[in-house]
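Student: I have a model open and would like to go through a few spots in it. Can we start with a single residue and work outwards?

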Amino acid sequence: MEKKLEDLQILVNNLTYHYPDGTIALKGVNLNIYSGEIVGIMGKNGAGKSTLIKTFNGLLKPTTGVVYIENDEVNNVLMSKLTKKVGIVFQNPDLQLFANTVEDEIRFSLKNLNFTKIELENQISLTLEKFKLKKFQNRTPFTLSGGEKKRLAIASIMCRNPEIIVFDEPTIGQDAEGVKFIRNLIKEKHSEGKTIIIVTHDIEFAIDNIPRTILMADGLIIADGPTNKILSQDQILNIGYLISPQLIILSKFLIDLKIKVPEDVYIKENMVQFLGSYFKDKMGITEGGKP
Amino acid sequence: MEAFKFIQKKTIIHILDPRTKLLLAIIYSILAIIFEEIFILFFVFLSLFPFILAGQLFKKWIKSIRGMTFLFLLLIIFNTLFSTFSRSISMIIRIMIMVSSFSLFFLTVHPDDLMLSLLSLKVPYNIAFSFSLSFRFVPTIAIEAQNIIDAQKSRGYEMEQGGLISQARNLIPLLIPLIVCSLKRAFHIAESLDSRAFGSTKNRTYYYSIKYAKKDWLLTIILISLFIFGVIVKIFPEFLPTWFYWKLKV
């Protein structure tokens, strides 16, 4: 995709952040994120990932440097305006659920958006429907399962319809169904033209779903580029305390065996297809597995 | 809560036995309760300063006192309305003595030593352990509270809104998740303690031990003498010059 200047949605310039206790979390971060991108932020604990995303919606104010969200510099804009544009879905849903019913939980998120009563009820109903929470509508959120709570937490941000969606560790503690749900949601929001930022340690999820990755270490961005490229460079992986995804390890192994592999085999379907045709060609294996 | 969080330092106050420091906090609090005269309370308060300075705690102490400004304001308003202004001043000094002496204790006693000192006072192990555990979790809960504020703000929650009642209502989205998370953690801790056979034997041993040294005895004698002197003054007020009993006219 061609990146145009007018599509620039997040601009971070020489950003530093010092916590009140003296910890320096960001040491001069420069970053451009364009409208409609899916960007992953990776790196070991304490690298500054969470601090960085918290500057996007004004939870933290830069110590020095600037962060622009669209045309607004975060220091000069009210947080209420920023949270409308940037929705952060935090890792632990328990940190935000408090209402008597699932419905009220959504209503709380829509409180300051100047909806009329009818619009409000419509939006609540739509959100509950979309996130398969309708049947829990009048139940207390505390009796939901882990996956349902996560869905509710995500719904409570998505109902605000932010332009930029930030997920903090979306796959942690989720079963296969939960991960599938998040994967589909990301695809759907991407097709709607939203910008999606995902902070994650889950390399398999990243290689499958995130085209561009930013790797952070020690308060700095140490690599920024296509996820498959970043996750296949040993030196970068070592600094970022990451390991290669399984398919990249496999493709490197195949290359070592002097087998010519296409570039896109880090995607599961492509690898299966490649191996299928390779075995068919080389060993004469036909459909059904018999030579 | 900052005023009660242990900080590792190597000062004479830090290396004192926790029991001595507990005795100090208790005796100072009793003195603060039994006297109401501004001057006496003020001298008792002043006598805490050498400990605060020796423990290099001045900055933390100022912070804790500053944190109570609102309470002091309430004390002045209510006491002046229902009693006298003079009384409100003595109440403020009284509270400052109690808070200072206890923050001196908590700032300089490691949570593990806190448990050992409670045990040496024959407090049952279960109670001593939960007491020290609750102090250990103060910073964890503070971090969690911040995360909750961040999560709610991200969905449009505005903390500073409306009058006093709506501000109180505004706390609900913060307090409920905090309570729920704390309860959940308590259950997890209980399970993990059970899985490590907590309380399976009555007599347990301890890796560290605390010792009453010479300086502890010395301070104990000084503290007890101070206490006895205080009691004598309370019973025989004529023991002190009359200006000690001066009161504000209002």
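Student: Leaving aside neighbours within four places in sequence, which residues is B:Val123 in contact with?
Tutor: B:Val123 is in contact with B:Leu118 and B:Ala128, once its neighbours within four places in sequence are left aside. Keep in mind that this is a predicted model.

Student: Where is B:Val123, and is it buried or exposed or partly exposed?
Tutor: B:Val123 sits in the loop between H8 and H9 of chain B. It has 14 C-beta neighbours inside 10 Å, so it counts as partly exposed.

Student: What about phi of B:Lys122?
Tutor: Phi of B:Lys122 is near 65 degrees, which is a positive value in a residue other than glycine. B:Lys122 lies in the loop between helix H8 (111–120) and helix H9 (125–136) of chain B.

Student: And why does B:Lys122 count as exposed?
Tutor: Because B:Lys122 has 7 C-beta neighbours inside 10 Å, and the cut-off for exposed is 12 or fewer.

Student: What is phi for A:Asn114?
Tutor: A:Asn114 is not a glycine, yet its phi is positive, at about 55 degrees. A:Asn114 belongs to the loop between helix H3 (102–109) and helix H4 (117–130) of chain A. With 8 other C-beta atoms within 10 Å, A:Asn114 is exposed.

Student: Helices next. How do H2 and H13 of chain B pack?
Tutor: Helix H2 (residues 18–34) and helix H13 (residues 214–235) of chain B pack at an angle of about 10 degrees, and their axes are 10 Å apart. That angle makes H2(B) roughly parallel to H13(B).

Student: Which residues in H2(B) and H13(B) meet?
Tutor: From H2(B), they include B:Leu23, B:Leu24, B:Ile27 and B:Ile30. From H13(B), they include B:Leu219, B:Leu223, B:Leu226 and B:Phe227. The residues of this contact of H2(B) with H13(B) divide into ten nonpolar, three polar and two charged.

Student: How many residues of chain B are in contact with chain A?
Tutor: On the chain B side there are 17 residues, in contact with 22 residues of chain A. Helix H10 (138–153) and helix H12 (172–195) of chain B are the elements that give two or more residues to the chain B side. H12(B) gives the most, with seven residues.

Student: How do the residues on that side of chain B divide?
Tutor: Eight are nonpolar, four polar and five charged.

Student: Now chain A. How many helices and strands are there in chain A?
Tutor: Chain A has eleven helices and ten strands. Of its 291 residues, 41% are buried. Its C-alpha trace spans about 70 × 50 × 35 Å along the principal axes.

Student: In what order do the six strands of the open sheet in chain A come?
Tutor: The order is S6-S7-S8-S3-S9-S10, with mixed pairing. Strand S6 (86–89) and strand S10 (220–226) of chain A stand at the edges with a single partner strand each, so one side of each has no neighbour in the sheet. Neighbouring strands of this sheet are turned by 20 degrees against each other on average, direction ignored.

Student: How many bridges join S7 to S8 of chain A?
Tutor: Five bridges join strand S7 (residues 164–168) to strand S8 (residues 195–199) of chain A, and the two strands run parallel. A:Asp168 stands opposite A:Val199 in S8(A).

Student: And what does helix H1 of chain A lie across?
Tutor: Helix H1 (residues 49–56) of chain A lies across strand S3 (38–42), S6, S7, S8 and strand S9 (212–217) of chain A. H1 of chain A runs at about 155 degrees to S7(A).

Conventions: Residues are numbered from 1 along each chain as its sequence is written. Chains are lettered from A and ligands numbered from 1 in the order in which they are written. This is a predicted model: local features need pLDDT of at least 70, side-chain atom pairs count only at pLDDT 80 or more; totals for chains, interfaces and linings use all residues. Two residues are in contact if their C-beta atoms, placed from the backbone, lie within 7 Å. Helices (H or I, at least four residues) and strands (E, at least two) are DSSP runs, numbered from the N terminus. Ala, Val, Leu, Ile, Met, Phe, Trp, Tyr, Cys and Pro count as nonpolar, Asp, Glu, Lys and Arg as charged, and the others, Gly among them, as polar. A residue is buried if 20 or more other C-beta atoms lie within 10 Å of its own, exposed if 12 or fewer, and partly exposed in between; C-beta atoms are placed from the backbone. Axes are lines fitted to C-alpha atoms, for helices over the stretch in contact, and angles run from 0 to 180 degrees between N-to-C directions. Angles under 35 degrees count as roughly parallel, over 145 as roughly antiparallel, 65 to 115 as roughly perpendicular and the rest as oblique. Two strands pair if DSSP finds at least two bridges between them.
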